[in-house]
Amino acid sequence: RSAQVQALLDAHLVKPEAAAMQHEATQTLLHHDGPVRALLNTTPTTPQTSTRLAQMRILLVEDNLINQQVATELLRDEGATVDVANNGQEGVKVMVESDANFDIVLMDVQMPVMDGLTAASRIRELFGDRAPPIIAMTANVQESDRAASLSSGMVDHIGKPFDLDHLVTVLQKHTHRQTSATETAAERPKPAQTVTAELVALAQTHGIGLADAVQRLGGRLDVYQRLLKSFAKDLEGAIDKIDEWWSQGNATALEQWFHSIKGLSATMGHASLSNVMSLAESSVRANMPRHAQPAWLSNVHRAIPSACESLNILLDALTQSMPQQAPANGSAPFNPAKFKQDCAELAALLQQSDMKALDVFETLRQAHGKAMSEQLSELGHAISVLDFDAALLACEQLMSQPLTE
């Protein structure tokens with residue numbers, strides 16, 4: 001739910017509710033002037049200006065978890081409602097089975113199971129003139145790729161890494177919700193942090209165009225930091241994975257992985273890594289069946305560890321520069337009610353596939369990790385690999401457990 005809707009609630013109960021929890025919540029509400037009581041005692045005010053994609057329902061069809069999380073968070077911050085499908089086949093299924101009337105579809109082109117071109121053609125066949133506009137999103141930006149997208153029934157083509165303002169403009173154009181430049185500037189969310197010259201210089205030293213990357217994300221340095229953390233972790237162990245696919249002759253898996261990392265590298269502003277991945281993507285099939293290790297694969301072996309080191313250096317600098325939470329009081333006794341309240345906050349973010357869940361989990365771990373270290377391990381692992389469905393299940397299991405001080 002949006003922050004505005006959440007603000008209407010004075011408290012919440014976690015199922016299954018214990019009698020003590022009900023009593024505590026009721027007593028708290030009776031003696032606290034919460035938001036509902038405040039609303040009853042004030043006159044209505046003029047609502048704030050809506051965000052640029054307010055009331056827009058978007059279906060995002062994207063196989064990469066990091067791309068899913070970033071696009072979803074940015075679009076929801078602009079006021080849109082976003083549903084996610086993991087590949088073209090799921091996207092078609094959602095369109096057929098969902099009761100939602102989607103205003104527009106954002107479709108990745110290169111995906112496993114069913115690619116975006118096939119999915120777009122299938123949606124057009126099934127829905128005809130009732131089909132919403134479909135926008136292609138791909139790291140391949142050649143004219144032939146654009147032509148293939150349009151011929152499959154898509155109405156536009158957006159390259160990766162996408163620029164948030166450009167993406168918003170395209171979405172408004174094809175849903176006939178264009179706004180003036182003045183309105184657009186007024187409605188743009190205000191960045192929470194700014195990129196300092198020191199951070200830009202450090203990033204540049206390591207071959208990362210930080211300023212441009214953050215600008216493409218609408219100035220959201222916090223989003224960039226979460227993306228950086230996930231991307232750096234995604235690259236860990238990548239060499240072993242690549243070598244395994246190479247030894248198996250699995251050109252499809254290699255090509256898809258190189259394609260994904262090419263786009264994510266560009267999103268991060270790491271142009272040299274993106275270029276290495278682009279060459280690998282275009283070369284892998286030409287070198288199958290495998291013989292001696294080709295030069296491009298040797299470049300991949302060198303580029304990934306170097307990129308991991310650079311990304312982690314920048315991540316450390318960003319972490320130190322961002323506002324820090326006050327350290328938890330390690331000597332404070334464990335509070336089961338507070339733990340479940342914090343878990344409920346995390347669960348709400350996981351349910352919305354919101355990358356803020358990474359930061360909220362870290363705060364939860366610092367506050368309760370001393371007493372709940374073992375219980376939090378499964379949840380922490382799921383969040384670290386961006387498996388938000390598994391993380392939500394683990395979080396709900398923690399909330400349902402009977403806990404004592």
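Is Val 113 buried or exposed? Val 113 counts as exposed, because its relative accessibility is 63%; exposed means over 50% relative accessible area, buried under 20%, and partly exposed in between, with a 1.4 Å probe and protein chains only. Before we go on, please note that this is a predicted model, in which local features need pLDDT of at least 70 and side-chain atom pairs count only at pLDDT 80 or more, while totals for chains, interfaces and linings use all residues. Residues are numbered from 1 along each chain as its sequence is written, and side-chain values use heavy atoms, leaving out hydrogens and water.

Let's begin with the whole chain. Its secondary structure comes to 19 helices and 5 strands; these are DSSP runs numbered from the N terminus, with helices (H or I) of at least four residues and strands (E) of at least two. The protein chain has 405 residues, and 44% of them count as buried.

Now for some backbone details. Most residues other than glycine have a negative phi, and most peptide bonds are trans. Val 113 has a positive phi, near 70 degrees, and sits in the loop between strand 3 (104-108) and helix 6 (116-127). Gln 55 also has a positive phi, near 65 degrees, and its loop runs between helix 3 (35-40) and strand 1 (57-61). With 74% relative accessibility, Gln 55 counts as exposed. Elsewhere, Lys 160 and Pro 161 are joined by a cis peptide bond with omega of about 5 degrees. Pro 161 belongs to the loop between strand 5 (156-159) and helix 8 (164-174).

Next, let's look inside. The structure holds 3 cavities of 30 Å³ or more. On a 1 Å grid over the protein atoms alone, a cavity is a set of points where a 1.4 Å probe fits but cannot get out, and lining residues have an atom within 4 Å of a point. A volume is the space filled by probe spheres set on the points, which are joined across faces, edges and corners.

The largest cavity has about 130 Å³ of space. It is lined by 13 residues, and Asn 67, Val 70, Lys 160, Phe 162 and Thr 267 are the closest to its centre. Helix 4 gives the largest share of this lining, 3 residues.

The second largest cavity has about 100 Å³ of space. Of its 14 lining residues, the closest to the centre are Asp 63, Asp 108, Gln 110, His 259 and Ser 260. Helix 14 gives the most to this lining, with 5 residues.

How values were computed. 1 Å grid on protein atoms, 1.4 Å probe; cavity = no way out; pocket = protein on both sides within 12 Å on 5 of 7 lines; lining within 4 Å.
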